[in-house]
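My notes follow in the order I made them.

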Amino acid sequence: MFNNTLLSDIKFAFPNPDSNSMIPAHKYVLATSSLVFFTMFYGDLAETSDTINITDCDSDVFLRFLRFIYCEEANFEDIMCAIDVWHLADKYDVPSLAKECLEYLDGNMDPVDAFDLLTYARRFNNEFLEQTCWEVIDYNAEAIVADESFLDVQHAFLLSFVKRSSARIKELSLFQALDRWATKKCEEASTRVDGEHKRQFLGEEMIRHFRFSLMSPKEFSDEVEPSGVLQANEILDVFKQFSFVSIPGGFKFSTSPRRSSYEAMTLSCDLGSIKNGSFMTHVSRKTGLLAFAVTEDISLGGVRIVTDKGRESCRVSLAISHGDKQLRRINDHNFTCNTGTYQSADLSFGRYGEIDVVFNRPFALAKNTCYTIKTNTDTTNNLDSGFVYQHKDQKPKETNSVNTIISFSYFGNCDKNCPEHSAVGGEITKLVFVHDNEPTDVPYWVEEEHPLLRRSSRWVSQ
C-alpha cells in the first residue's frame, strides 16, 4: 500500500511542483505507527481535510519516512538525508525510525562533519549522538583541525574542544588551528588582524585552557609568542613553567595532559590468502560473514574486503554484532578501491580489488567474546577469501605472529556458543586492531630535553 492511491484517504502535498508533489497515504496505517498521526486523524480535534500540506521537508525525504512506516525499510542517501528523516521521526514520534537514523549517523559520520552533527545533536537534545560526535572528534582531532571546515565551527564547540583531555592532538596543532580560526573571524568582522583582536574572539576562558606547557620551548617561542595572543607577563610565566621556576600566584594555564601523549599501535591481522573458487556466478551484490574472538581486550579499527579489480569505488554495508545485539553499523557507504594480488594453487598470479573500511573511531572488543562481522557490497567478483582458524594453544606463524590476538576465526557455522551462522560467502581478508600504549606523565619535550625528570612527582601531581 506504500505510495498507492488504492483505498487512500489522506494526501500529503508539497509546495515544489515535482513528480511527487502529492503523496497518497492511509490514516489507519499512519495512526498505528505514530501517536501524533493518531491524534491528528482520530483525536478530539481531528483533521477534517483530506490534504495535509508539508512545508518543512521535500517529498523525497517524506517518502523515505513513509517507506519505513509501511515497509520498515530505512534507506538514506547521505548524512543530511538521515538528519532530515530523523527530524520527521522526532516530529511524528516514531522512535524506531529515529533509532535507525542515529545508527546510520553513528557508522557513516565523516570525522570532518562531526562538529556540524553536534549542532543537530544539541537541537534534538540527543545525548547518544553528542557523545558519538565527541568520540569521533577526539580520535580524529589532528585531521579535523587541518580541514578548512574547522574555521567555521561555533565558538561554544571550540571551547568545549579545547577543554577536553581526551582529544588526540598536539597542543601546537590545536593552537595553530585556533589562531587560524581567530584570524578568519577578524577578517569577517573587518577588524585589524592582531593578537589583541584574535584574543577577543578566542575569549579569556579558552586562552586559560590552552596547555602551553605541553609544547616544547621552541614550539612556544616560534609559534605562540609571535602570534601576539599572549601578554608579556603570560609569556614570561610559560617560560618559567618550562624551567620549573616558581610562579607567584601559580600558573594560570592548564597543565593537564592530552591524549596526544598516547601512541596508537595498529596490528594488521591477515586472515588468509585470496584464491580462485566458490563464486563463479556473477551477482549484483555479495555478502560475507566472519565470526571471530580475540585473546585480549583490544579495539578494531578497520576491515579489508575483497572486490572486483579495476573499480574506483564500491558501496559497502557492514555490521558488527555480538549474539543478537548489533554493536556497530556502516550502511551503504562509498569507499575507494585499491588493487591487490593473489597467488593460486598453480603458482600463477592474479589481481583483484580491495577496500579498506576504516571506522571513524575504533570499536572496543572484549576478550573471549564471539563477534560477527557481516558485509554486503555491490561487487561481482568470483574470488573467495580464505580464513585462518587458530586455537589459543597453536604456535603463531613465523611471518604473522599477530594472529595470536585471534583465538578463532571461522567462516560459516560457529561452535563458540553464539547464534548459528550460515555460510553465505567470504569477503573479509584482514582485520586491523588498534591498541593504545600508556600515556606519559609529562610533556614529550621534557622526556627529550630532561630525561631525569620523567618521573618527577611534581609533574605527576599536576
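**Entry 1: two helices in contact**

I looked up which residues join α9 to α10, and found that His 155, Leu 158, Phe 161 and Val 162 in α9 meet Leu 174, Leu 178 and Trp 181 in α10. Sorted by class, this contact has six nonpolar residues, one polar residue and no charged ones. I note here that the model is a predicted one.

Next I looked up the geometry of the pair. Helix α9 covers residues 155–163 and helix α10 covers residues 171–188; they pack at an angle of about 165°, and their axes are 12 Å apart. Angles over 145 degrees count as roughly antiparallel, which means that α9 is roughly antiparallel to α10. I also wrote down the hand of the crossing of α9 and α10, which is left-handed.

**Entry 2: a sheet of three strands**

In what order do the strands of the open sheet of three lie? I read the order as β2-β1-β3, and the pairing is mixed. The edge strands are β2 (22–25) and β3 (51–53), each of which pairs on one side only. On average, neighbouring strands of this sheet are turned by 25° against each other, with direction ignored.

I then followed one pairing in detail. Strand β1, residues 10–13, pairs with β3 in the parallel sense, and three bridges connect them. Opposite Ala 13 I found Asn 53 in β3.

Helix α3, residues 59–71, lies across β1 and β2, and runs at about 10° to β2.

**Entry 3: β11 and its partners**

I turned to strand β11, residues 371–377, and looked up its pairing with β8. Six bridges join β8 to β11, and the two run antiparallel. As a reminder to myself, strands of a sheet pair through backbone hydrogen bonds, either parallel or antiparallel. I noted two facing pairs: Val 316 stands opposite Thr 377 in β11, and Ser 321 stands opposite Thr 372 in β11.

How many bridges join strand β6 to β11? I found seven between β6 (residues 286–294) and β11, and this pairing is also antiparallel. Within it, Leu 290 has Ile 373 in β11 as its bridge partner.

Last, I asked whether β8 and β11 are mostly covered or mostly open. Strand β8, residues 313–322, is mostly covered, with seven of its ten residues buried. Strand β11 is mostly covered too, since five of its seven residues are buried.

Note on methods:
Residues are numbered from 1 along each chain as its sequence is written. This is a predicted model: local features need pLDDT of at least 70, side-chain atom pairs count only at pLDDT 80 or more; totals for chains, interfaces and linings use all residues. Side-chain values use heavy atoms; hydrogens and water are left out. Two strands pair if DSSP finds at least two bridges between them. Helices (H or I, at least four residues) and strands (E, at least two) are DSSP runs, numbered from the N terminus. Axes are lines fitted to C-alpha atoms, for helices over the stretch in contact, and angles run from 0 to 180 degrees between N-to-C directions. Contact means heavy atoms within 4.5 Å. Angles under 35 degrees count as roughly parallel, over 145 as roughly antiparallel, 65 to 115 as roughly perpendicular and the rest as oblique. A crossing is left-handed if the near helix is turned anticlockwise from the far one by less than a right angle, and right-handed if clockwise. Ala, Val, Leu, Ile, Met, Phe, Trp, Tyr, Cys and Pro count as nonpolar, Asp, Glu, Lys and Arg as charged, and the others, Gly among them, as polar. Buried means under 20% relative accessible area, exposed over 50%, partly exposed in between (1.4 Å probe, protein chains only).
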